[in-house]
Amino acid sequence: MTIDTAVVLAAGEGNRLRPLTHNRPKPMLPAANRPILEYVLDALVDAGISKLCLVVGYKRDRVQDHFGPTYRDVPIDYVVQKKQLGSGHALQQAAGAVDDSFVVVNGDRVIQSKMVSAVVDAHEDASAVLAVLEHGNAQRYGAVDVENDTITAFVEKPDRRAFRLINAGVYAFDRSIFDALARADRIDGTLPLTTAVESLVAERKVQAVRTNGLWVDATYPWDLLEVAREVLRHGLVEAPERDRDVWVADSARIDPEATLQGPVVVGPDTEVAAGAVVGPNVALGRNATVGANATVEGAVLDTDTRVGAGSVLVDCVTGHDVHLGPATVVPGGPADVQVGDAIHRGERLGAVFGDRVRAEGGVSCAPGTLVGTSARLRTGVVVAGQVKTDTEVVR
Amino acid sequence: MCGIVGCVGRGEETLSTLVHGLSKLEYRGYDSAGVALADGDLDVVKRAGELDDLRAALDGDSLSGRVGIGHTRWSTHGPPTDANAHPHRDCTERVAVVHNGIIENYEDLKADLLEAGHEFRSDTDTEVVPHLVEDRLAAGDDPEAAVRAAVSRLEGSYAIAVVVAGDDRVFAAREDSPLVLGLGDDAYYLASDVPAFREFTDRVVYLEDGEFAVISADEWRVTDDEGRRIDRDVDTVEWSPEETGKSGYDHFMLKEIHEQPRSLRQCLRERVSELAGSVSLDVDVDPDGVQFVACGTSYHAALCGVHLFQQAGIPAQAFLASEYATSPPPVDGDLVVGVTQSGETADTLSALREAKRRGAETLAVTNVVGSSVSRECDQTLYIRAGPEIGVAATKTFSSQVVALALLVLSLTGASRHDIAALRDLPGNVQQVLDESDAEEIARAYEGSDAYFFIGRGLQFPVSLEGALKFKEISYEHAEGFAAGELKHGPLALVTENTPVFALVTGDGEQARKTIGNVKEVEARGAPVVAVTDGKSDVHRYADHVLDIPASDQRTAAILANVQLQLVSYHAAALLGRSIDKPRNLAKSVTVE
């Protein structure tokens, strides 16, 4: 039978992406200049899915406000996961909203429609299907072993480099998955979907379908720069292409004296002033402003970001409504970045600014700086390392 | 204010199509509802109460018919009873009529009909229509001619739909009340508003005043009052049927409050450029002065407009539309601006007609493309807020104020600072939504005797709007006052059990004076909730604070209002009120 319903898991925060997830869940973070979740829903709708069930939880109003009751004319049913007790628990919340067969995808990774089509087609012969793909960095994600199209082993974050195939997080199930979820043991009170799938793997009941194409995930804030590069490289942007690899939304205003160096995408309502040089590998969100003579390179500047005149931003990620005053300087990575207790060495990162950071003029950021939500950086300060949420930094 | 629907060509699904249509028009009234199906016989079922009461009455009843009309009512003539519910029938029970509007000469007509021996079963003005049709049928007219003749005798406002037993057509006529045809592949629809049939088609024809329409299974036809066919353009509706869903929220009102960042972006899109410091609107006016006419929340937006125009040096006044015609002011050189969300508000339309009659240039500020006001005024400024379903207006107020601010800037010229403030607004509203403590405040003051709202300058209309929102959905007593007026009377109402919401933004003279008024209130023991951008020290005198981001004073009014929208919503939610359909109210009022 064909599948017309998809369950999208979009309830989790993604806490390793803080401070960017302070006000929204990971699926709403930008892949270039559109939320990751838009790519996921595009993949589903392009594959012929006609009923979307979004499991929402953490900061769910952001998902609901963005998509509303429908996406590309496909109705959306919102199901609330009140406590974030894992992806399996999230899927259980949707049990009442789905038919006999359905697709399940993670809402926080960019996928392509052929992965969805592949599991839908393979589901004709198997009750549980999982899309797998080759990935150069398999040890970072959930890896799988496959024999004759059947998954034989399921290893979350393996040590061995031998695992080349990863779980793409795109599934087709019938309702037996709910039985497997009911039987599965919780881990510290949470129920990951992979635990239930693992039990089916042990029974050799999960079919693998090999796919390829764009599959990108962000674990840490700076990964959004790589995600943007990949999305731009594949030309997966919504705006019309003005020049080669230069995409500009119709409602954006680019001064004729500004330079856009592809690949670059400019979102709706955004303005770029005279003398600004934007690109390569830059994604400007909605209603952003790049002031006169500013230089922006390798950056994801999200909705309502203001970049003051004469600023230099390299390898930089901003959240919503970030105001960077004139002559802000972020010279760029590589850097050692501390997240929690872990130190990530040699990451290519200039700075991350959480939502609503205000930097007055002349602020400089050492490579690898993480600035927390709503922090205030007064005129002329030099910051490095981590700046906590809501703090004020003065000279 | 009522909603009417009609359809032909849906076969066995006629009844469910009508009931679906009525459910989409419930925002227009919900104190009684009914349907009539004609196909050989004429069957009518109608009930006082909400649509669910009609559904219950229909359950198990095997009504069938391939032609039908329906009605959801907001009472004007006669209380909501089964008898007063539409459709209304004639003495022979062969004619059924639904009507939105007011028939002004119904008493004369009714007297004539009673004298001629007709029996009336309701207190409504509408019931004269089926009896008039009955007379013409008895005189030998065919159904179409009979309906035409009946309609020609009516004075007042109406959107009317009629079915006659044994005829497979629906007849309709319009005068000063909205009516739109929907053209499906195999079926035709008519309704007071597009959502009634949007699921089935996006091709529509908006009827004009004085026009008459006939739909049958294989034809639609629009004619003038003498029966001459009129070629009408077919419009395409751009929004999808699902845009009228709640997207995971418990109420449309909360959904619409949350939609404000997006609707404000739409309002501003391609109209402003910060780098060029320019505003461009598709409106060409150059008034010596401005007169606003509006009702309810739109009137409060108009009061904000007055303030913005006056500050820019352009004389401006706002009038309650229902009062405007009573003592109309001189209009020479003035632009008369009608602010109405739906574009169908009868009071506002009537005030605009009065202004036009006296030679004024008119401008409509509205949300609904193709609405009556946009067709009647010389020019239209659309606020682009998208469909608003909740009866309590929220996102449309914000967009109305922004549209009026744009209008002022387009006349006086804008600085980059002006435009930057407007472009920052969607993000600032998002911040209020992300960080608001309104729910806690609502909980803290649940069960108070009354709720007062005070402000000065632009924050005065916001205090009126805050109080209107509060009373209309919570049913609690709420009043807004100009802060300086408090000591001239209303202060007598203030007690320990009447929280006062004080809107204090900026740190200038206005803020200082309002803080003085806050101290007056505090001295009487009333709890104070300050809505503030943190620029003044009002927090020192307040029991609670609702923060808004520091911004331009013009946009601060909108941000303060968003906080008050949330307070009202949560207060009403705590009381378990019918938030999207408050008692006795309808979304847009198409009767005067």
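## A parallel pair in chain A

Strand 27 (residues 323-324) and strand 32 (residues 358-359) of chain A pair in the parallel sense, over two bridges. Strands pair here if DSSP finds at least two bridges between them. Strands (E, at least two residues) and helices (H or I, at least four) are DSSP runs, numbered from the N terminus. A:Leu324 stands opposite A:Ala359 in strand 32 of chain A.

The model is predicted: local features need pLDDT of at least 70, side-chain atom pairs count only at pLDDT 80 or more, and totals for chains, interfaces and linings use all residues. Residues are numbered from 1 along each chain as its sequence is written, while chains are lettered from A and ligands numbered from 1 in the order in which they are written.

## The sheet around that pair

UniProt, in an unreviewed entry, places the feature "domain: Mannose-1-phosphate guanyltransferase C-terminal" at residues 261-363 of chain A. UniProt positions follow the numbering used here, feature names are shortened, and annotations may be inferred rather than shown by experiment. Residues 261-363 of chain A are 0% helix and 47% strand. The end C-alpha atoms of that span are 25 Å apart.

## Helix pairs in chain A

Two packed helices are described by the angle between their axes and the distance between the axes. Axes here are lines fitted to C-alpha atoms, for helices over the stretch in contact, and angles run from 0 to 180 degrees between N-to-C directions. Helix 1 (residues 36-46) and helix 4 (residues 113-122) of chain A pack at about 50 degrees, with their axes 7 Å apart. The two helices are therefore oblique to each other. Angles under 35 degrees count as roughly parallel, over 145 as roughly antiparallel, 65 to 115 as roughly perpendicular and the rest as oblique. Helix 1 of chain A passes helix 4 of chain A in a right-handed crossing. A crossing is right-handed if the near helix is turned clockwise from the far one by less than a right angle, and left-handed if anticlockwise. A:Ala43, A:Leu44 and A:Asp46 of helix 1 meet A:Ser113, A:Met115 and A:Val116 of helix 4. Residues are in contact if their C-beta atoms, placed from the backbone, lie within 7 Å. The contact has four nonpolar, one polar and one charged residues. Ala, Val, Leu, Ile, Met, Phe, Trp, Tyr, Cys and Pro count as nonpolar, Asp, Glu, Lys and Arg as charged, and the others, Gly among them, as polar.

Helix 5 (residues 176-183) and helix 6 (residues 193-202) of chain A have axes that come within 8 Å and cross at roughly 105 degrees. These helices are therefore roughly perpendicular to each other. Helix 5 contributes A:Ile177, A:Ala180, A:Leu181 and A:Arg183, and helix 6 contributes A:Ala196, A:Ser199 and A:Leu200. Five of these residues are nonpolar, one is polar and one is charged.

## Where the chains touch

How many residues does the contact take from chain A and from chain B? Chain A gives 25 residues and chain B gives 23 residues. On the side of chain A, helix 2 (60-67) and strand 6 (74-80) each supply at least two residues. Helix 2 of chain A has the largest share, four residues. The side of chain A that touches chain B divides into five nonpolar, eight polar and 12 charged residues.

## The antiparallel sheet of chain B

Chain B also has an open sheet of eight strands, in the order 3-2-4-1-10-9-11-14. Its pairing is antiparallel. Strand 3 (41-48) and strand 14 (235-236) of chain B are the edge strands, and each pairs on one side only.

Strand 1 (residues 3-8) and strand 4 (residues 67-73) of chain B pair in the antiparallel sense over six bridges. B:Gly6 stands opposite B:Ile69 in strand 4 of chain B. Helix 1 (residues 14-24) of chain B packs on the sheet and touches strand 1, strand 2 (32-39), strand 4 and strand 10 (188-191).

Notes:
Contact = placed C-beta atoms within 7 Å.
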